Amino acid sequence: MATHLKKGDMVMIIAGDDKGKVGEVLRVDGSRRKVIVQGANRVYKHLRPSRQHPQGGRIQKEMPIDISNVLPVDPKTNQPTRVGFRITPDGSKERYAKKSGQSLGEVKKARQV
């Protein structure tokens, strides 16, 4: 399943507690339609003392956000934008920002004939 987001994209959160925050996508789970965004949807995880963590304690970690609650940031305008897909003249497929038409990266290489 092709998603409109990739690891490393800058996204803006458009719903939830972290609405308006901008961060980098750390991981995309296409089958569950979730993304993990750096610095967003952070929770505390309590750790029991163990060999790896002899003190125990609590750590902060990012939890997944539904993919429908984030939009990629347009590199030209720094505003959230929808994503389209188009075929370039050389035959490769790319993602592009609907607002400015700027390319967001290649999805599929051109087929060799």
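Predicted model: local features only at pLDDT ≥ 70, side-chain atom pairs only at ≥ 80, totals over all residues.
Is Arg-86 buried, partly exposed or exposed? At 30% relative accessibility, Arg-86 counts as partly exposed.

Residues are numbered from 1 along each chain as its sequence is written, and side-chain values use heavy atoms, with hydrogens and water left out.

**View 1. The chain has 10 strands and 0 helices.** Strands (E, at least two residues) and helices (H or I, at least four) are DSSP runs, numbered from the N terminus. Along the sequence the pattern reads β-β-β-β-β-β-β-β-β-β. The C-alpha trace spans about 60 × 35 × 20 Å along its principal axes. The radius of gyration of the chain is 18 Å, while a compact globule of 113 residues would have one near 13 Å. That radius is taken over C-alpha atoms, and the globule rule is 2.2 Å times the number of residues to the power 0.38.

**View 2. Buried residues make up 27% of the 113 residues.** Buried means under 20% relative accessible area, exposed means over 50%, and partly exposed lies in between (1.4 Å probe, protein chains only). Take contacts between residues at least 6 apart in sequence: 35% of them join residues at least 24 apart. A contact means heavy atoms within 4.5 Å.

**View 3. Glu-94 and Arg-86 form a salt bridge.** The term means a side-chain nitrogen of Lys or Arg within 4 Å of a carboxyl oxygen of Asp or Glu. By this rule the chain has 6 salt bridges. Here the closest N and O atoms are 2.7 Å apart. Glu-94 is buried, at 13% relative accessibility.

**View 4. Asp-18 meets Lys-21 in a salt bridge.** The N to O distance is 3.3 Å. Asp-18 is buried, with a relative accessible area of 15%. Lys-21 is partly exposed, at 39% relative accessibility.

**View 5. Asp-29 pairs with Arg-32 in a salt bridge.** Their closest N and O atoms lie 3.4 Å apart. How exposed are the two partners? Asp-29 counts as partly exposed, at 25% relative accessibility. Arg-32 counts as exposed, at 52%.
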